[in-house]
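Visitor: I have never read a protein structure before. Could you walk me through one, feature by feature?
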Amino acid sequence: MATAKREKFGSRIAVIFAMAGSAIGLGNLWRFPYLAGEQGGAAFVFIYIAATLFISLPVFISEVIIGRRSRSNASDAMIRLAPDKKFWRYIKYLPVIIPTIIASYYSVIGGWSLDFMFRSCALQFTTADPAAVSSVFGELISSPWRPLVMHLIFLVVSTLIVAGGVKSGIEKFSKWSLPLLFVLIVVIAVYSICLPGASAGVDYLLKPDFSSVTPSTFAYAMGQSFYSLSLGMGTIITYGSYVSKKDNILGDGAASAGFDLFFALLAGLAVMPAVFAAGIEPGSGPGLIFQSIPYVFAKMGETMPVLSAAVAILFFLTVVVAAMTSLISLIEVGVAFLMEKFGLSRSKSCLVVFVICAVLGSLCAVEGSVLDFLDWSASNILLILMAFLVVLFVGFVMKKEDVKAEFTNNGELSGPTRIFPVYYFLLRWIAPIAILLIFVSNFIL
Ligand code: PHE
């Protein structure tokens, strides 16, 4: 329909930044370390890396293919590519519903980060007693109003950025935030690893003990890998629809997955050593980063108060920014859908998505069990289901020539032309079987 009018990313590098900006977020900084802590450390980390390379990367590429080929919002994309297959009509709202659910509670965690940024500005961590600082998080979530207000502020700002449009909003934002985040997380990881008692944390993250692995470890690792790469929820399909026909999809996918993996490992190296140095239980759940990282700043504050204050403020600022680049991509899915489906203006669509997320998110902000339930059901059930459907669609519904034409830009790219058989094999045989087995064993075993 409106193919000619669709907005496009300005350049190749903008695509990678926007996709990596969507991928790198709380999934890496908040979710990865706490799941690694809950699921037994290094064994989980290794399974997660394998899942990313052999399952998530092919799924990522497939989503870009669906988006670019259909040039459509996530809900209509598959229907447009296979108009005579009824099945895809029944699930057409899934790729819009999942990200909107995630956006709701994501902005609550974004709100926690915002709260910690304000606390850093008030020098609360720099001047704290290291032994007591991990309790600040408990104070925050037991407050009746703070999490709610922070969630709403966070959501308003993110929605306004989306209202600015694909180019002016998302591109500008993700260009400066990622490099800054990268530098800071390296600084914190180095300091964290040097803390007394920290080496046990490094071992915990890198020396696997496979005896503790259960079927659900695989499900968590795979779900986390999808979550972290923004898969299974229409985001990459939507971004894919803005990708130019000249772009190398394999290159974009490999770069995004590589950055994302790297960031998760760095975040783990920032958090886990501090967890052990501070004597926090690694399996203490979603608060892990908010309990452990302030310890780093409190310790640093004892000898280097200025550095500690600066790093603390900048760190939580970049966590906020990383969360925001992800949240805007989650909101963008619903917005693109409403604009194309109902012909609403960008601002009206933003308003609708905002209201939904504000209401759902507020429930999560005041009731932790709602948040936990939404997070678990979205990533361990819905994402896995959606990724499975994507794999089946590109592997079995789309014609091989069409998939190959997208993957290789009609044979113009020599690298992808050589790699295509590997991708196609992983896509058709390894990914679906692995996803199905992991999904089912999660319930049966
Ligand atoms: N991948 C993001 C993260 O790691 C979360 C996200 C999921 C963002 C889906 C957009 C879409 O934080």
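Visitor: Which residues around the ligand come nearest?

Guide: A residue is near a molecule if one of its heavy atoms lies within 4 Å of it. Here 15 residues are around the ligand, and Ala23, Gly27, Tyr106, Tyr227 and Ser228 come nearest. Before we go on, this is a predicted model, where local features need pLDDT of at least 70, side-chain atom pairs count only at pLDDT 80 or more, and totals for chains, interfaces and linings use all residues. Residues are numbered from 1 along each chain as its sequence is written, and side-chain values use heavy atoms, with hydrogens and water left out.

Visitor: How many of the shell residues are nonpolar, polar or charged?

Guide: Ala, Val, Leu, Ile, Met, Phe, Trp, Tyr, Cys and Pro count as nonpolar, Asp, Glu, Lys and Arg as charged, and the others, Gly among them, as polar. The shell around the ligand has six nonpolar residues, nine polar and no charged.

Visitor: What lies 2.4 Å from an oxygen atom of the ligand?

Guide: An N or O atom in the side chain of tyrosine 106. The backbone takes part too: a polar backbone atom of alanine 23 is 2.7 Å from a ligand oxygen, and for glycine 27 a backbone N or O atom is 2.6 Å from one. The protein covers 100% of the 320 Å² of accessible area that the ligand has on its own; such areas come from the Shrake-Rupley method with a 1.4 Å probe.

Visitor: Is aspartate 76 buried or exposed?

Guide: Buried means under 20% relative accessible area, exposed over 50%, and partly exposed in between (1.4 Å probe, protein chains only). Aspartate 76, in helix H4 (residues 74–81), has 12%, so it counts as buried. Its side chain also joins that of lysine 341 through a polar contact of 3.2 Å. Within protein, that term means a pair of N or O atoms within 3.5 Å, one able to donate a hydrogen and the other to accept it; residues adjacent in sequence count only if both atoms are side-chain atoms.

Visitor: Why does arginine 69 count as partly exposed?

Guide: Because its relative accessibility is 32%. Arginine 69 is in helix H3 (residues 42–70). Serine 70 is found in helix H3 as well, but serine 70 is buried, with 4%. A polar side-chain atom of serine 70 lies 2.8 Å from the backbone oxygen of isoleucine 66.

Note on methods. Helices (H or I, at least four residues) and strands (E, at least two) are DSSP runs, numbered from the N terminus.
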